[in-house]
Amino acid sequence: MPTGIRNKVAIIGMGCTRFGERWESGAEDLMVEAFVECLADAGIEKKDIQAAYLGTHFDEVNVGKAALPLALTLKLPYIPVTRTENYCATATEAFRAACYSVASGVYDIVLALGVEKLKDTGYAGLPGGAGRGVVNFLMEANRTAPGCFAQLATAYSARWGIPMDTIKRAMAHISAKSHANGAKNPKAHLRTVVTEEQVMAAPMVAYPLGLFDCCGVSDGAAAAIVTTPEIARSLKRNQDIVMVKALQIAVSSGEEASYTSWDGAHFVTTRRASAKAYEEAGIQDPRKELSMMEVHDCFSITELVTYEDLHISPKGGACQDVMSGFYDLNGEIPCQVDGGLKCYGHPIGASGLRMIYAMYEQLLERVPPERKVKNARLGLTHNLGGVPWSNVAAVAIIGRE
Amino acid sequence: MVGICAYGGYVPRYRLNRAVIFKAMGWMNPGTVAAAKGEKAVANFDEDSLTMAVAAGMDALSGIDRAKVGGLYLASTTLPYKERLNAGIVAAGVGLGEHIRAADFTGGLKAGTTALLAALEAVGANAADCLLVCASDSRLARPASTQELVFGDAAAAVVVGREEVVAELKGSYSITYDFGDHYRGQMSMFDRQWEERWIRDLGFDRFVPEVVKGLCATYGLTVKDLSTIVYPCHYAPARKSINKALGIPPEAEQNNLQLEVGDTGTAHPLVMLAHALEAARPGQKILVVSFGSGCDALLFETTEAVERKKPRRGISGSLAHKAELDSYTKYLVWRNILPADLGLRAEEDLWTRWSVLWRKRKEVLGLWGTQCTRCGTPQFPAQRVCVKPDCGAVDEMREYRFADKRGSIASYTGDMLAASYNPPAIYGQIEFEGGGKYMFDFTDCDLEDLSVRMPVSMSFRRKYVDTRRDIVGYFWKAVPVKEVR
């Protein structure tokens, strides 16, 4: 029987750049920035790193293919370096690979680094269809990311019979909450406080999503160094150790896209991955046991349905939880405590590690009081890559030893 | 008996009031005010002669077994390809088999009737049991020209065969002249015409009576024997004098649709014929005359079946399904007369891999997917491993066409970020009756009219235009149907 990853790997160092429109920084600068912070936090030297994983998504507009950009930039000395790519779950995949390398006993100390340089396209939003490939462009709708995720809202409204106004209001609360959290975070991309009314009055991007329902398109990098619990304890004497509790990923089977049983109003993958993650971490009731989380709020509606798909809010009941403040910074399960994709920003290949970084700094109580989560013991991160009908969902849970 | 077994028509949804054109351009050419009456049908930005031909062809073929159709003749003077058989694209779109004959008829505006005649004669000679003829045009005219006001976009289609004939071919007569009334050279985007008085007084006034008299003399008929006379002439004075010269009574003169659609070029005689057949009764003689580098005249007599076999949509249905295009500049942008900026997002280079398109031709052009023979689940795109979770059969698929199926909206959006000539770009998940689903672009609709579960039908459209390599790519879009049938 597989025993899972729980308590087999420890995180000894993390780093994360300021996210944003980093016009003066290339991917190399971002990688160095995250790595320097991460290495210092780990308290080791570069030569101690035995293997590394690079997460980056849009090689077409970014750093190029393969793992070489990481090795060449950091001058990693002929160690095994591998690139991972799995849409928005890319960085979580780099982290997962690093953790499995350690858990397998093949390596002791492994680096995972995710980076994305998006703001070299010349236009708003993510790069368009080039990455879809030569077959899909013949047939796929003329779609963008907001238009794909916006359809969750029209389908959700029809599925649960909830008026769009109610959904719009809940989405506005979600975005306003993330702006409030992001405003307190010096590393966040978007640092302005907005009201629900401002969110609802914003120009339409893709019906029913307005500008403030969409996350920032940002440049950034994040990194983690993982090792065995024994080495972690020896390096971090008398310090709290952050342990990996669960790493799960679920990938669409084609059922949502091509078979009519899916309602278009939820993520099949997130439901599967999170259920397995709770099992792996030994969590019985996530609504009671989780201290906080960072979910994939590429759009406010994604965050709304994800509350249900993580088995925290009742199905069809996320709007009530949202409006009651359940996910606010002072709520029962604070969500997007660092601002989320919405305000911290979303450099695709770095986001998964950025989320883990947010949980990590809360678990180690390294955050100032104004954005501190009370009694943070167990944090969940969730990535969703792709589109609602065809995607990769990754869930990681980390906690204090 | 050889004749027309079925027919169909297509007029695009958008109509541009000619007063809107005149208001925008009349300052430059005030004399065009005489032509600035009524409205003209305008193809959507994603429509062209091939897409309209597919729409008319599907209308004509509804309920007809495609396996019986031995070929397709396509007539148009606005074909997107000089080399690459345009009729081959339309044949794949309407879902014909691949072991067929197909040909493009082009050049003069009488190509539509010439294609029809060629099909009738091929069936008459037993070269085929059944052939589809599509005629379609979307001619461009310079802003401020008379032609800009006169021309309209539409298509018609006729199924020619020997069984269940609704209108039997009784005879034909043709005349051919090198008459340079309108012309476009190899590189021309726009129509050019010679002096209108000459076109009207020498062209229409002389050639139409000439061909009608030629046919009547050949078959021992007089104009009084004809119930309906179809001829495409948009000059009202010329129509009067032709009617007078030939003795055509008002009730026999078929409406030329100038006020509703405009002059649709090669398609026009067939558009008018389809419109006439929709109202025809058995035993009527219908004369169809084309005009352009001469004339063809085709004489038909309707049968008992004409009242029974009506098209699903036809010209009348298309005329009723309309929306006003209230912007002249939108028309210019849609026809690429005004080169609007679509933004950097639109500049990505996605060049067509012809070998990929070859492998995917059935899915892309015909919207063919697969149906699992073990569990019956239809699926698009074509799959080798069945998508039904508890089935999963491998390589037990048969071909399954979605183009004729109705569907319904499962989710949708209107996207202002996507590069589009008609923003917002509307698209969503479509679930097909009987199973199968896919994310399609929507067209011919307005965001505020949409709702989940609204029915849709599928329409063959331009998917992309690669201006660098002069490629037009086609695929299918969903057209929401507001009124539930």
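Which strands of chain A does helix H15 lie across, and at about what angle does helix H15 run to E10(A)? The legends below take up this point among others, and they describe a predicted model throughout.

**Figure 1. Helix H15 of chain A against the strands of the sheet.** Helix H15, formed by residues 351-363 of chain A, lies across E1, E4, E7, E8, E9, E10 and E11 of chain A. The direction in which H15 runs is at about 170° to E10(A).

**Figure 2. The nine-stranded open sheet of chain A.** In this view the strands follow the order E3-E2-E4-E7-E1-E8-E11-E10-E9 in chain A, and their pairing is mixed. Strand E3 (81-84) and strand E9 (292-294) of chain A stand at the edges with a single partner strand each, so that one side of each has no neighbour in the sheet. Averaged over the sheet, and with direction ignored, neighbouring strands are turned by 25° against each other. Within the sheet, E1(A) and strand E8 (residues 242-251) of chain A are paired in the antiparallel sense over two bridges, and Ala10(A) is found opposite Met243(A) in E8(A). Helix H3 of chain A also packs on the sheet, where it touches strand E2 (51-55), E3, E4, E7, E8, strand E10 (378-387) and strand E11 (390-400) of chain A. The direction of H3(A) makes about 175° with that of E4(A).

**Figure 3. The two domains of chain A and the contact between them.** Domain 1 of chain A covers 10-121 + 219-242, while domain 2 of chain A covers 145-215 + 244-400. Their C-alpha centres lie 24 Å apart, and the contact draws 34 residues from domain 1 of chain A and 32 residues from domain 2 of chain A. On the side of domain 1 of chain A that touches domain 2 of chain A, at least two residues each are supplied by strand E1 (10-16), helix H3 (90-103), strand E4 (110-116) and strand E7 (220-227) of chain A. H3(A) provides the largest share of that side, with seven residues. Sorted by class, the side of domain 1 of chain A that touches domain 2 of chain A holds 19 nonpolar, nine polar and six charged residues.

**Figure 4. The contact between chain A and chain B.** Here 35 residues of chain A meet 44 residues of chain B. On the side of chain A that touches chain B, helix H4 (136-139), helix H5 (145-160), strand E5 (204-206) and helix H9 (255-258) of chain A are the elements that give two or more residues. The largest share of this side, seven residues, belongs to H5(A). The residues of the side of chain A that touches chain B comprise 19 nonpolar, 13 polar and three charged.

Figure 5. The secondary structure of chain B comprises 13 helices and 22 strands, and the C-alpha trace of chain B spans about 75 × 55 × 40 Å along its principal axes. A compact globule of 485 residues would have a radius of gyration near 23 Å, and the 23 Å of chain B agrees with this. Chain B is divided into domain 1 (3-334) and domain 2 (344-367 + 402-480), whose centres, taken over C-alpha atoms, are separated by 28 Å. In the contact between them, 17 residues of domain 1 of chain B meet 15 residues of domain 2 of chain B. Helix H2 (49-61), helix H3 (86-94) and helix H11 (328-334) of chain B each contribute at least two residues to the side of domain 1 of chain B that touches domain 2 of chain B, and the largest share, four residues, comes from H2(B). By class, that side of domain 1 of chain B consists of nine nonpolar, four polar and four charged residues.

**Figure 6. The packing of helices H6 and H7 in chain B.** Helix H6 (residues 196-219) and helix H7 (residues 236-246) of chain B pack at an angle of about 30°, with their axes 10 Å apart, and the crossing in which H6(B) passes H7(B) is right-handed. From H6(B), the contact is made by Arg200(B), Phe204(B), Asp205(B), Val208(B), Pro209(B) and Val212(B); from H7(B), it is made by Pro237(B), Ala238(B), Ser241(B), Ile242(B), Ala245(B) and Leu246(B). The residues of this contact of H6(B) with H7(B) are nine nonpolar, one polar and two charged.

**Figure 7. The three-stranded open sheet of chain B.** The strands are ordered E16-E15-E17 in chain B, with antiparallel pairing. Strand E16 (378-379) and strand E17 (397-401) of chain B are the edge strands, each of which pairs on one side only. Strand E15 (residues 368-372) of chain B is joined to E17(B) in the antiparallel sense over five bridges, and Trp368(B) has Arg401(B) as its bridge partner in E17(B).

Technical notes:
Residues numbered from 1 in each chain as written. Chains lettered and ligands numbered in written order. Predicted model: local features only at pLDDT ≥ 70, side-chain atom pairs only at ≥ 80, totals over all residues. Pairing = 2+ DSSP bridges. Domains from an automatic or database assignment. Contact = placed C-beta atoms within 7 Å. Nonpolar A, V, L, I, M, F, W, Y, C, P; charged D, E, K, R; others polar. Axes fitted to C-alpha atoms, helices over the stretch in contact; angles between N-to-C directions. Left-handed = near helix turned anticlockwise from the far one by under 90°. Rg over C-alpha atoms; globule rule 2.2 N^0.38 Å.
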